[in-house]
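This note concerns the aromatic residues and their contacts. Please read the numbered points with the structure open.

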Amino acid sequence: MTNPNHPFDSDTNRRNALNRYHILGTPPEDSFNRLAALAAQIFDLPMCTISFFGENGVYYKASVGFRDVTLTADKESLCNNLVAEKSLKVINDVFGVPELADNIHKVRFFAGAPLISEQGYQIGALCVMGLEARSFDESEQKILIGLAEVVMNQAILHLASDHLRIENENITADNVGLIDYQQHLSKANSDLESLQDNFELLFEQAPIAIGIISGEDNTIIQANKALLEILGQDSTLIGKPFSVVIPDLEEQDLLKLIARLYETRMLQHGHELKLLVWKEDQLKSLYINITLQFTRNVETGIDNIMFILADITDYVISKQLNQEANVVLKSAIEAGGMGYTVVEFATGKMVSNDQFKRNYGYDVNDEFDYSDLFDAMLPKYRQLIKKAVHDAIESNGVYKAEYEVKWKDGSIHWISAYGKPRYDVHGRASHIIGLNKIIEKAN
């Protein structure tokens, strides 16, 4: 892949802008690793890279989720080829882009924000990736751009730190330049405070719920607005025990997940967990997706627990109602003597109730697939039915047909059938749901 506007083809000024940060070839640093881990956690994605575009290839300053990635790579990396022209790049489904589909790490979702130097040159990219296709709305895009700005702030601090180190060596050698050293130190402290402010703002304004509890006594240390809204609390919650809102009950799946975090020391995910919380002096139920991870307090050395939480109560209740409705519907189908089936087009695999098989003269224990259905159909109807199914797929409609079938005992029967196609995430027909019934047909 070639891109005439790509940073690798930029002029000497761009390379000089990158080189002044003294980042290429330097070892990994906790500050950049934490930024990459935070980005992956915020978007609930397994992979993240912070890379800088050198003259001869891509240099990875930090990465999450890549076991075999090296600190340098060639110019064909996804970040290098996709994040160009100083603009955000989002690909909801990489597999839909032929030249990218066969990427080595099987990345399917990609979002990357450019890293822009103080002089306005694009010198790298912050990229988050996943193994499943997904959407990435405007608020998430803004957060990714904000994180890229934080990365550049860290690069500036890296530069300032490097300058301070060199200056300190000079001062130690001849005890000169003290005033200049103090000015650099003041600038570095100012930059550090600015970076901390950016982190605090990002944490507080994030559209997803984020909290931190003390690993020492389960006291709530931080909770952003989104989390407080879900829990029905205000800022007075900070500093109180976790049990104020999450009661210590044996059936609490979240508490079991925290216990597993302590046991394994590994990132923990919980999906569709039922959570009992105190709201308005009453125990109320929520359903959540949650990710938990240890984060160390640099001052005390204590491992605190950071968690990212999504309230999916409405989704879970809706799914439960749908499941209950399906049970009622299937009972009604059985009571009406209707045959019911789901057919997978790719394999011809058919799942059906007993009555559906009987309607084609098969015993309930017999093997029965889509080809058997057409074999039982009198030949003069087969092409007509296939066309009716095709037309329903093309129009996303319902097909209705009546046709004759020949049972194994040689008897002929009329069947009235209905079907509705189902489609995958790419809009391709993947299944069809069908109903049928034996009917009497006047000669």
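Is F242 buried or exposed?

1. In this predicted model, F242 has a relative accessible area of 8%. Because buried means under 20%, F242 counts as buried.

2. The structure contains 10 aromatic pairs. In one of them, the ring centres of F242 and F307 are 6.3 Å apart and the planes stand at 55 degrees, so this pair is tilted. The two residues belong to distant parts of the chain, 65 residues apart: F242 lies in the loop between α7 (225–231) and α8 (253–264), while F307 is in strand β11 (residues 303–311). F307 is buried as well, with a relative accessibility of 7%.

3. A further pair is formed by Y362 and F368. Their ring centres lie 4.7 Å apart, and an angle of 55 degrees between the planes makes the pair tilted. Y362 is buried at 16% relative accessibility, and F368 is buried with a relative accessible area of 7%.

4. Y362 and F368 also belong to a cluster: ring pairs connect them with F356 and Y360.

5. The charged end of R265 is placed over the ring of F294, at 4.1 Å from the ring centre. Likewise, the charged end of K386 sits over the ring of F374, with 5.3 Å to the centre of that ring.

Notes: Residues numbered from 1 in each chain as written. Predicted model: local features only at pLDDT ≥ 70, side-chain atom pairs only at ≥ 80, totals over all residues. Heavy atoms only, no water. Phe/Tyr/Trp six-rings, centres within 6.5 Å; stacked < 30°, edge-to-face > 60°. Helix = DSSP H or I, 4+ residues; strand = E, 2+ residues; numbered from the N terminus. Buried < 20%, exposed > 50% of the residue type's maximum accessible area, 1.4 Å probe, protein only. Lys NZ or Arg CZ within 6 Å of the ring centre and 35° of its normal.
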